Amino acid sequence: MAVAVRLEPWGAGDRDLLTRLLGDPAMMTHLGGPESPEKIADRQRRYEADPAQLKIMLGDDDVAAGWIGSWPREWRGEVVLEVGWSVLPAMQGRGIARAATAAMIERIRAERPDARLHAFPAVDNAASNALCRSLGFTLLGAFDVEYPPGHALRCNDWALELGDPV
């Protein structure tokens, strides 16, 4: 049975959630380690101003489970939409990321049906790669990137045609 989630705008009161997501070494294993309080504060300001950065809420509860967002990225000569997500450790393994990503895909499909959607999880992030596969993304291959600056990261390039239902 699919878990029920809802996506809400990121708000001023969500800094603690962002700190638990990005300041936790275990959560940032695949992304070069935890972010500093200053970087988290900067990201909080950007998320508040960006309607494509959303809080993942559980069903009808007031329980925040994580973050999901999309942003334009230049990729191989074209502008694509990248999608990313993060779910708190205590809530992982329950299908929350999958449900939130499926909802985000539907939202993007309704707003920008011609967008090219990509996800770039680290090759060793088994859960995120499995999520991409389960939602119908196509694996296009692996590549190396520097993220964050000074940290080498090997990622998979997953693409989704928005004409296909999730």
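Buried here means under 20% relative accessible area, with exposed over 50% and partly exposed in between (1.4 Å probe, protein chains only). The model is a predicted one, so local features need pLDDT of at least 70 and side-chain atom pairs count only at pLDDT 80 or more, while totals for chains, interfaces and linings use all residues. Residues are numbered from 1 along each chain as its sequence is written, and side-chain values use heavy atoms, leaving out hydrogens and water.

Helices (H or I, at least four residues) and strands (E, at least two) are DSSP runs numbered from the N terminus. Seven strands make up an open sheet with mixed pairing, in the order β1-β2-β3-β4-β5-β7-β6; two strands count as paired if DSSP finds at least two bridges between them. At the edges sit β1 (5-9) and β6 (138-146), each pairing on one side only. β1 runs antiparallel to β2 (residues 53-58) over five bridges, and valine 5 faces leucine 58 in β2.

Turning to the helices, α3 (residues 96-111) has 16 residues. Its buried residues include Ile96, Ala100, Met104 and Ile108.

As for packing, a nonpolar core is a set of buried Ala, Val, Leu, Ile, Met, Phe, Trp, Tyr and Cys residues joined through side-chain atoms within 4.5 Å. The largest has 37 residues, and Ile56, Ile68, Val83, Trp85, Leu117 and Phe137 have the most contacts inside it. Helix α3 gives the most to this core, with seven residues. Apart from that core lies another of seven residues, among them Trp75, Phe120, Leu153 and Cys155.

Terms used. The expected span of a helix is 1.5 Å times one less than its number of residues.
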